[in-house]
Amino acid sequence: MKELVLTRVPPGDRWRDKKDGLTMDNLTDAIEHIFQRTGDKQFYIDCARGEIHVDDGIEPEKEPAMYSIYGEEIK
């Protein structure tokens, strides 16, 4: 699952770490900060929302399968 790690702080190219609240002056410094903190090298950038995510390695919980043969509703 993706974890939100940085959000853009307008105006300009400033980014805030969601965990420690530190604000960096540009995207390069912000990504380096996250790399030093987490060791992650792969980032998912959503420019329109001003968010940067990393993969936290946790799989989303799957809903159990339901079967009509047992009288359960199929979703």
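Predicted model: local features only at pLDDT ≥ 70, side-chain atom pairs only at ≥ 80, totals over all residues.
In which sense do β1 and β5 pair, and over how many bridges? The two strands pair in the antiparallel sense, over 5 bridges.

## Overall layout

The chain holds 1 helix and 5 strands. Read from the N terminus, its elements follow the order β-β-β-α-β-β.

The C-alpha trace spans about 60 × 25 × 20 Å along its principal axes. The radius of gyration is 18 Å, whereas a compact globule of 75 residues would have one near 11 Å. Of the 75 residues, 21% count as buried. Among contacts with a separation of 6 or more, 34% join residues 24 or more positions apart.

## The sheet

The 5 strands form an open sheet. Their order is β3-β2-β1-β5-β4, and the pairing is antiparallel. β3 and β4 (44-46) are the edge strands, each pairing on one side only.

## His53 in strand β5

Strand β5 contains His53. Across the pairing, Leu4 stands opposite His53. Is His53 buried or exposed? His53 has a relative accessibility of 16%. Buried means under 20%, so His53 counts as buried.

Leaving out residues up to four places away in sequence, His53 touches Lys2, Glu3, Leu4, Val5, Gln42, Phe43 and Tyr44.

## Helix α1: length and ends

Helix α1 covers residues 27-38, 12 residues in total. From first C-alpha to last it reaches 16 Å, close to the 16 Å expected at 1.5 Å a residue.

Asn26 caps the N-terminal end of α1. One of its side-chain oxygens lies 3.2 Å from the backbone nitrogen of Thr28. Just after the helix comes Gly39, with a positive phi of about 85°.

Which residues of α1 are buried? They are Ala30, His33 and Ile34. Seen down the axis of α1, the buried residues fall within an arc of 95°, so they line one face of the helix. The cover over these buried residues includes β1 (2-9), β2 (14-17), β3 (23-24) and β5 (51-55).

The face turned away from the buried side carries Thr28 and Gln36, both exposed.

Definitions and conventions:
Residues numbered from 1 in each chain as written. Heavy atoms only, no water. Helix = DSSP H or I, 4+ residues; strand = E, 2+ residues; numbered from the N terminus. Expected span 1.5 Å × (residues − 1). Buried < 20%, exposed > 50% of the residue type's maximum accessible area, 1.4 Å probe, protein only. Arc of directions from axis to C-beta. Contact = heavy atoms within 4.5 Å. Polar contact = N/O pair within 3.5 Å; in protein donor to acceptor, adjacent residues only side chain to side chain. Pairing = 2+ DSSP bridges. Rg over C-alpha atoms; globule rule 2.2 N^0.38 Å.
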